[in-house]
Amino acid sequence: MIDRIFIAVLLLSVSGFVFCAFFLPLEKLAYRFTSAKTMVFVNTAALFSFLLPFYLIVSFYDGSEKLFQDYMILVFQEDGPFEAFVIAFRGLPVTKYLCGLWLFGAVWLLVYRTGEYLSFTAGTTASGFLINGSIWAEVFCGLKREQNVRNVRLIGSCCISAPCTFGIRNRYIAIPAVMLNSFAEDEVKQILRHEFYHVIHRDLLRKFLIMQVGCIHWFNPLFYYLKENLSDWQETVCDDEVTKDMGEEERKRYIRLVMKVLELQKDTGGGRNWGTSMIGSDRKSCQRRFERLLRKSTGTNPGGRVLVTALVLFSLFLGNAAAKEADIVVNQLFSPNVQIASRENLKIEEVREIETRQLRYSSGAGADGPVEFRPYNAADAAYEIFWRDGFAAFPQRADPFGAEHPHQYMEITLREHRKYPDGSCEFVYYDSEECSVCGTIRRGRKFCEEFQAECSHKSENQTKRIYQQVINNGTNGANDAEGAVIHNKEHAVRQRLDY
């Protein structure tokens with residue numbers, strides 16, 4: 001099971017890579033005709049292309065996923081350079097530990113990130129204090145009424161280095177204690193309004209889920225890049241909301257405010273905020289945001305949004321199609337169900353398909369119930385018994401001269417094989433009973449008839465030999481075509497008896 005998940009993660013990496021290779025070069029162009037909100041949608045879709053295996057729908061539908069799970073993949077040494085690479089790669093000592101290494105890294109990172117986030121949340125709230133009786137509290141209460149936002153608190157803390165928002169259920173806007181007296185009223189409004197928009201847009205929940213679920217891609221640098229890119233666009237959305245009614249000079253003042261917060265953070269010694277913050281992840285991300293603010297996108301072109309949405313859906317399709325196309329290659333490299341083979345030592349026997357004309361099932365137990373029956377084997381008819389434990393054999397002749405005894409009947413399935421002059425044959429199945437002491441058989445209702453246009457079945461002695469081969473060697477050892485046919489018939493009867 002773990003190895004199948006590991007292979008799914010690798011195929012999802014293929015899907016995500018193709019999505020990003022197709023769309024990321026067009027990101028700046030798409031932003032011209034849409035908005036930052038649309039770019040958040042695009043980057044979220046890109047991240048989920050690493051997480052949602054849509055290609056598995058096709059794999060389950062065509063049965064390939066079950067084949068990869070239940071059957072061996074043969075890699076032939078003589079087929080070409082790629083097969084030689086597969087053999088060399090699988091021969092490396094580290095290859096068999098890759099799945100375990102991935103699982104260890106994913107679990108460790110999940111535990112580490114969860115612990116660090118909970119530690120930050122608990123530490124900040126425990127050491128924090130409610131901000132009351134100041135311009136911060138007055139502006140905060142006004143924004144709560146304006147935005148109709150509940151379940152959010154304004155606190156001050158000495159544990160953080162920049163204004164930030166954190167918490168999933170109980171949400172907090174936290175202000176560093178050293179910055180409480182550093183801003184004018186209009187600057188306080190802009191800082192709190194920016195953080196409020198993170199709460200309104202549910203950026204905290206989105207970031208937390210991607211951070212947790214994304215642990216399965218701890219080895220993939222492209223996934224980390226997308227997370228940072230999404231965080232930048234989330235900050236840009238909040239910037240756009242705060243400055244949507246501002247002119248160019250006012251937007252420049254807002255940029256200077258963000259730079260002021262950056263300088264104050266530097267004076268406090270920095271530190272990481274486990275949440276969303278108006279200063280973003282680093283100075284480079286701030287630089288990109290400033291450039292977007294100065295050449296602000298109008299975001300009023302509905303045709304651009306429709307086109308971008310269509311491109312996103314096409315990119316998802318393209319990525320999952322590439323993942324589906326790569327499933328054989330990835331399974332050859334990483335699946336445990338791979339066997340290296342040589343064509344010189346491989347013998348393949350062709351099994352002739354037999355046309356099945358009709359298969360009928362009867363219903364009802366019959367009025368007379370089971371009657372005593374003596375099976376016989378002749379040129380045109382033969383009988384076989386299938387017991388409940390799955391063992392199959394030919395019925396033995398009952399001993400009519402044995403001592404009288406109470407019959408001890410076991411439930412069996414009796415199969416009658418009838419041959420016809422035109423070369424066809426028929427299998428008839430009966431619910432029956434057999435005495436475990438003397439072998440007396442009572443034949444009951446007929447529940448299934450199977451007609452075959454061409455009979456190619458062996459005689460009784462040949463069939464006994466094939467049955468013994470199947471029993472001794474298992475289905476993998478039954479190389480004879482008729483052996484495979486008999487095994488398939490036995491399997492059909494097992495299904496009928498609810499094995």
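**Cavity and nonpolar patch**

Student: How much space lies in the largest cavity?

Tutor: About 30 Å³ of space lies in the largest cavity, a cavity being a set of points on a 1 Å grid over the protein atoms alone where a 1.4 Å probe fits but cannot get out. This is a predicted model, in which local features need pLDDT of at least 70 and side-chain atom pairs pLDDT 80 or more, while totals for chains, interfaces and linings use all residues. Residues are numbered from 1 along each chain, and side-chain values use heavy atoms, without hydrogens or water.

Student: And how many cavities of 30 Å³ or more turn up?

Tutor: A search of the whole structure finds one.

Student: Which residues line the largest cavity?

Tutor: With an atom within 4 Å of a point as the criterion, the lining consists of Arg-4, Leu-11, Tyr-55, Ser-59, Ser-64, Glu-65, Phe-68, Asp-327 and Asn-331.

Student: Which helix gives the most to that lining?

Tutor: That is α5, with three residues, although α1, α4 (55-62), α5 (64-70) and α15 (327-334) each supply at least two; helices are DSSP runs (H or I) of at least four residues.

Student: Switching to the surface, what makes the nonpolar patch?

Tutor: Met-1, Ile-2, Ile-5, Leu-103, Val-107 and Val-111 make a patch of about 550 Å², where members need over 30% relative accessible area and no salt bridge, and nonpolar side chains are joined within 5 Å. Helix α7 gives the most to the patch, with three residues, and both α1 (2-23) and α7 (98-127) supply at least two.

Student: Why does Ile-5 count as partly exposed?

Tutor: Ile-5, which sits in helix α1, counts as partly exposed because its relative accessibility is 36%, between the limits of under 20% for buried and over 50% for exposed.

How values were computed:
Patch = residues over 30% accessible without salt bridge, like charges linked within 9 Å, V, L, I, M, F, W, Y side chains within 5 Å. Areas by Shrake-Rupley, 256 points an atom, 1.4 Å probe, with all protein chains shown as cover. Salt bridge = Lys/Arg side-chain N within 4 Å of Asp/Glu carboxyl O. Buried < 20%, exposed > 50% of the residue type's maximum accessible area, 1.4 Å probe, protein only. 1 Å grid on protein atoms, 1.4 Å probe; cavity = no way out; pocket = protein on both sides within 12 Å on 5 of 7 lines; lining within 4 Å. Points joined across faces, edges and corners; volume = space filled by probe spheres on them.
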